[in-house]
Structure formats: structure tokens, C-alpha cells
Amino acid sequence: MKKRAFSGIKPSGSLHLGNYLGAIRHWVADQHKYENIFCVVDQHAITVEYEPAVLRQNIRELVGLYLACGLDPEQCSLFVQSHIPEHTELAWLFSCITPMGWLGRMTQFKEKSEGLREQVSAGLFTYPALMAADILLYQTQEVPVGEDQKQHVELARDIAQRFNHLFGETFVLPEPVIRTVAARVMGLDDPTKKMSKSSASDNHGIGLLDPPALIRKKLSRATTDSQRDIVFNRERPGVYNLLSIYQALSGQSQEEIEAHFAGKGYAQLKGDLADLVVAALEPIQERYRQLTSAPEHIDQVLAQGVVRLRPLVDATMTCVRYVMGLR
Ligand code: AQP
């Protein structure tokens, strides 16, 4: 029996290299090992201010990129979260058994609510209960994510444990799966902040659909430091970030990479890295163009995902409603 893996991305902007290196490329590489469920978590994208027309477009772009990056609909159930209403039903049930203190400790909430004060939405605060519902609804064993999502997956596990304690064994306890190389890709403009879809800066992230010339321009402007040698040193976050991306895309060891750049300058590092990034993204961009020229294929894939998942959703929710005394 294959283990079940679930993960998702929120369509809050254009996908960047961090989403690809921290999450999607691992989903693609491991898809034969798991029973896979991959979601576009659209309801997570509405917890902060957004434009409905842009969201609608982002959802389709994200599904197109899932496919273009290599997720195979024969091996993966792909779907949009809001197409299965039980996600929000289960999130409500979880929010009734999740202490406020647990939610208040989430670093993502603290970061995203900074400066919003009383304006911060209740949805942003209860976001982890919805994420727990996403994961637990499918009795997920493994959740492949980037490092930034580890705390949320651990909270989902705590919620499952609490539910099982209160109402009897119902949920499988999920485990986060985080790879070591490029688990946290940092912003090119500020390597102390993680690369993020919602950054306002033009030079912050590399979009998966960025044309080659733009990729080269952004990398040539990436923040480095005033030193000369090109080595993996976490104390030098700009260079470390560029080298980590290089390592993830080249598959070489740190020693091989340091030897390759010995005696060379930052311009060479940025140029060589740009070659690697362009070579990795060009085939994805080409497949994306083909896929989006036949939009009905994307609709079919999404509909098939929902049909496949329906029995699993019904099994979990029938049990949950019963043990909670709602039926
Ligand atoms: N910088 C990153 N490095 C490595 N992995 C990353 N991920 C996100 N950013 C990085 C991983 O991508 C997956 C999808 O994340 P998400 O969209 O659901 O939420 P997020 O982590 O909040 O992503 P963003 O890009 O930073 O979006 P915004 O700016 O809208 O919040 C997850 O597996 C995540 O770990």
C-alpha cells in the first residue's frame, strides 16, 4: 500500500522559484511513490485583501503550472479546495476544538497580521484550522512542504490528536516532509526574508513564467555582500541563497560548487545561476503555453479529481459528524 500524500498552494499570486524548489519539484519527483492529492487552496487566498478577477485567473494559472511542472493527473488527484465544501465544514468543526492560544502562536499569522491591527480578518487567524481540515479530511500520512509550513502541519497533527482524544480514534496523524536543499528560498532583494508571492518588490522573486531576459536581470541585481569568495556560509545570506538555488538545480554537492566557483566573482555566479534557472524553467513555460491553449483539459482534470476524492471525503465526514454527535 502506498502512503497518501497531500499538499497545496494558495493562488495568492504568481508562483515563484521558492514554491517550485521547496514544494512542487518534490511532489513531481515522488509522485510514483505515493497516493497523491494536490490542491489549489483558493479559500486560503481570501484571508487577506484580494481582487476576485485576479484570484479567478490565479487559480487557473496555478493548475496549469501544476501540470506543466510535471504532475500527472493519472497519478495525482488535482482539485480546487472550494469545489469540495467539506473542507470548510471540517474547518469549522476544528475551530471549535482548537484553543485560541495555539492559533495565536503561528508565526505566519504574526507576520501577515503585522500592521493590520483590528483590521486583520478572523479567517487569517483561523487559517491553520482550515489547513488542518485540508490535510486531515483525506487521512493524509505525509505532507510535503517548504520549511515555512512546518509549524502549520504540526498544528494539524495536534488538532488530529486532540480530536482523537475527545471523540475517539478518527484521524491519521500527518507528518511534514521537508527536504534539506532549498527548503527556504529567500528573496533576491532581501535574503533575510523568504521568497513570497505577495511581495510588492519587482526584484524579490523569480516567477515560474518570467521570460529568460527578466530572470537574468533579476539575478544580476540580487543582493550579495562585499566579500569575494563564493562559499556556503549561512552568515552571508545573499550568497548562501544563490548557492542553495544553484545546488538545488544542478544536483551538485556543496564541495563541487565551491570548487567550480573558486577564484571567480559574483558576476560569474549570477550568470551561471541564470543559465541553470532558465534551462529549468523553459520547458515548464513551453508546456504551460501548450496546456493553456486547451483550457477544457484543465477543467476535465479538476472534475476528475473531485470525483475520485468523493468517497474518501464522505467516509471521513460521515464518521466525524457521527462521533461529534451531529448525526
Ligand atoms: N520561499 C520559499 N522557499 C521554499 N518553499 C516555499 N514555499 C513557499 N515559499 C517558499 C512552499 O510552497 C508551498 C506553497 O505555499 P503557499 O502558497 O500555500 O503558502 P506560502 O508558504 O505562504 O507561500 P508564499 O509564496 O509565501 O505566498 P504568500 O506570499 O501569498 O504567503 C508550501 O509548501 C510552502 O512551504
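Modeller: Buried means under 20% relative accessible area, exposed over 50%, and partly exposed in between (1.4 Å probe, protein chains only). This is a predicted model, where local features need pLDDT of at least 70 and side-chain atom pairs count only at pLDDT 80 or more, while totals for chains, interfaces and linings use all residues. Residues are numbered from 1 along each chain as its sequence is written, and side-chain values use heavy atoms, leaving out hydrogens and water.

Biologist: Which residues of helix 8 are buried?

Modeller: Helix 8 covers residues 212-220. Helices (H or I, at least four residues) and strands (E, at least two) are DSSP runs, numbered from the N terminus. The buried residues of helix 8 are Ile215, Lys218 and Leu219.

Biologist: Why do the buried residues of helix 8 line one face?

Modeller: Look down the axis of helix 8 and take the directions from that axis to the C-beta atoms. The buried residues line one face because they fall within an arc of 95°.

Biologist: Which helices do the buried residues of helix 8 pack against?

Modeller: Contact here means heavy atoms within 4.5 Å. By that rule, the buried residues of helix 8 pack against helix 9 (237-250) and helix 11 (266-292).

Biologist: Is Val181 buried or partly exposed, and what is its relative accessible area?

Modeller: Val181 sits in the loop between strand 5 (175-177) and helix 8. Setting aside residues up to four places away in sequence, Val181 touches Arg25, Ser244, Gln247 and Ala248. Val181 is partly exposed, because its relative accessible area is 26%.

Biologist: How far apart are the C-alpha centres of domain 1 and domain 2?

Modeller: An automatic or database domain assignment sets the bounds. Domain 1 is 4-178 + 294-323, and domain 2 is 212-289. Their C-alpha centres lie apart by 31 Å.

Biologist: Which three residues supply 54% of the area that domain 1 buries against domain 2?

Modeller: Buried area is the accessible area (1.4 Å probe) that two parts lose on being put together, summed over both. Domain 1 and domain 2 bury about 780 Å² between them, 76% of it on carbon and sulfur atoms. More than any other three residues, the 54% share comes from Leu17, Leu21 and Ala68.

Biologist: Which element gives the most to the side of domain 1 that touches domain 2?

Modeller: In contact are 9 residues of domain 1 and 8 residues of domain 2. Helix 1 (17-29) and helix 2 (52-69) are the elements giving two or more residues to that side of domain 1. With 5 residues, the element that gives the most is helix 2.
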